[in-house]
Amino acid sequence: MIAHLFNAPLGDSETAVGVGTVGSSEAIMLAGLAFKRKWQNKRKAEGKPYDKPNIVTGANVQVCWEKFARYFEVELKEVKLREGYYVMDPKKAVEMVDENTICVAAILGSTLNGEFEDVKRLNDLLVEKNKLTGWDTSIHVDAASGGFIAPFIYPELEWDFRLPLVKSINVSGHKYGLVYAGIGWAIWRSKEDLPEELIFHINYLGTDQPTFTLNFSKGSSQVIAQYYQLIRLGYEGYQNVMENCRENMIVLREGLEKTGRFNIVSKDNGVPLVAFSLKDNRKHNEFEVSDLLRRFGWIVPAYTMPADAQHVTVLRVVIREDFSRTLAERLVLDIEKVLHELDTLPSKISAKLTMENKEKKACRNGSVVLKKTALETQLEITTAWKKLVLEKKINGVC
């Protein structure tokens with residue numbers, strides 16, 4: 001069902017294969033292993049070295065890609081980001097491909113800002129490079145978030161098995177697949193894309209059972225739940241859910257824009273989330289906004305972008321099926337309260353200068369001042385600032 005959703009070629013002589021996993025992390029490990037083993041087998045057959053495999057990704061990939069590279073001894077070649085462009089540049093990615101590249105990993109729904117990478121352009125550029133070099137470098141699509149979004153609200157977008165170089169796709173059932181945590185899926189275009197030597201066969205459960213997972217035993221409840229959701233909601237049901245998420249995302253985004261205090265980093269077409277940063281963070285930053293929002297019951301993460309955009313800090317709100325329009329409007333109001341409260345507080349820099357002036361004054365008066373370490377100074381500043389914040393309560397909420 002999922003292979004059909006991703007437009008796999010399912011003719012009489014073609015059969016897609018797949019496996020259920022604990023999540024997209026395991027699915028990515030398995031897909032990466034398949035690419036590595038297939039590349040190694042080809043290199044061995046050609047009598048060429050096969051000890052230095054690499055994989056090309058954007059610097060915006062989820063940490064599971066770094067885990068795969070480290071655990072399975074594959075060099076990770078990352079395309080750096082830049083301010084205003086927070087996804088992998090297909091042109092730069094293809095330039096980094098060499099004869100040791102096992103695949104290029106594209107993301108359909110970046111963790112950082114929800115943006116879909118241009119898989120179609122990546123495919124076209126890679127086709128041209130393969131023609132020139134004689135290589136057969138392929139693409140894996142990490143659709144952990146976007147795999148259950150794009151088919152329903154962006155059906156015209158070409159990112160899946162409609163592109164000839166896309167050989168495998170992973171998706172998380174427990175994200176927008178509408179299932180509770182613990183289920184992911186890895187889908188291969190055809191049996192030829194999953195080396196048979198990676199599949200184990202057992203028969204002590206009564207019949208021949210193929211298995212290709214990092215662990216063996218796991219519960220079936222998530223698989224049953226995914227099956228139920230697919231047949232219960234169907235295409236129209238999933239489409240309604242995803243469109244509703246997108247509409248609530250627009251409500252939140254427009255509410256934040258009306259405050260005049262934020263730059264919106266996320267895109268309209270992508271995972272329904274809003275990533276935003278302060279237009280002016282000289283006095284107070286995004287981490288302080290995140291910290292104060294917890295007093296209203298909101299956990300809104302603040303984080304810095306990867307290299308070479310690490311100077312950019314953003315806040316991110318992911319819109320799920322249970323995040324209503326009412327909640328979006330309430331969050332905007334609470335953010336406005338937090339901004340108002342921060343406007344009445346001194347900045348951390350001001351607090352630090354005040355402390356330094358007190359130390360200088362004590363020295364002039366003949367007092368003995370022990371020189372503090374940078375860590376001690378920072379800790380004292382942070383403690384003083386937090387104390388000041390806690391003493392100033394908003395409408396009695398603590």
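How many bridges join strand E12 (residues 302-304) to E13, and do the two strands run parallel or antiparallel? Three bridges join them, and the strands run antiparallel. This is a predicted model.

**Helix H3: the buried side**
- Helix H3 spans residues 63-71, and its buried residues are Cys64, Trp65, Phe68 and Ala69.
- Down the axis of H3, these buried residues fall within an arc of 145°, so they line one face of the helix.
- An α-helix has 3.6 residues a turn, so residues three or four places apart point the same way.
- One packing partner of the buried residues of H3 is a helix, H2 (24-45).
- The buried residues of H3 also pack against strands E2 (54-58), E3 (75-79), E4 (101-107) and E5 (139-142).

**Helix H3: the other face**
- Arg70 and Tyr71 are exposed.
- They sit on the face of H3 turned away from its buried side.

**Helix H3: its two ends**
- At the start of H3, glutamine 62 contributes a side-chain oxygen.
- That oxygen comes to within 2.9 Å of the backbone nitrogen of cysteine 64.
- Cysteine 64 is also one of the buried residues of H3.
- Glutamate 73 follows H3 and has a positive phi, near 55°.

**Strands around E13**
- Strand E13 covers residues 313-318 and runs antiparallel to strand E11 (residues 273-278).
- Four bridges join E11 to E13.
- Leucine 273 has valine 318 of E13 as its bridge partner.
- Tyrosine 303 has valine 314 of E13 as its bridge partner.

Terms used: Residues are numbered from 1 along each chain as its sequence is written. This is a predicted model: local features need pLDDT of at least 70, side-chain atom pairs count only at pLDDT 80 or more; totals for chains, interfaces and linings use all residues. Side-chain values use heavy atoms; hydrogens and water are left out. Buried means under 20% relative accessible area, exposed over 50%, partly exposed in between (1.4 Å probe, protein chains only). The arc is that of the directions from the helix axis to the C-beta atoms. Contact means heavy atoms within 4.5 Å. A polar contact is a pair of N or O atoms within 3.5 Å; within protein, one must be able to donate a hydrogen and the other to accept it, and residues adjacent in sequence count only if both atoms are side-chain atoms. Two strands pair if DSSP finds at least two bridges between them.
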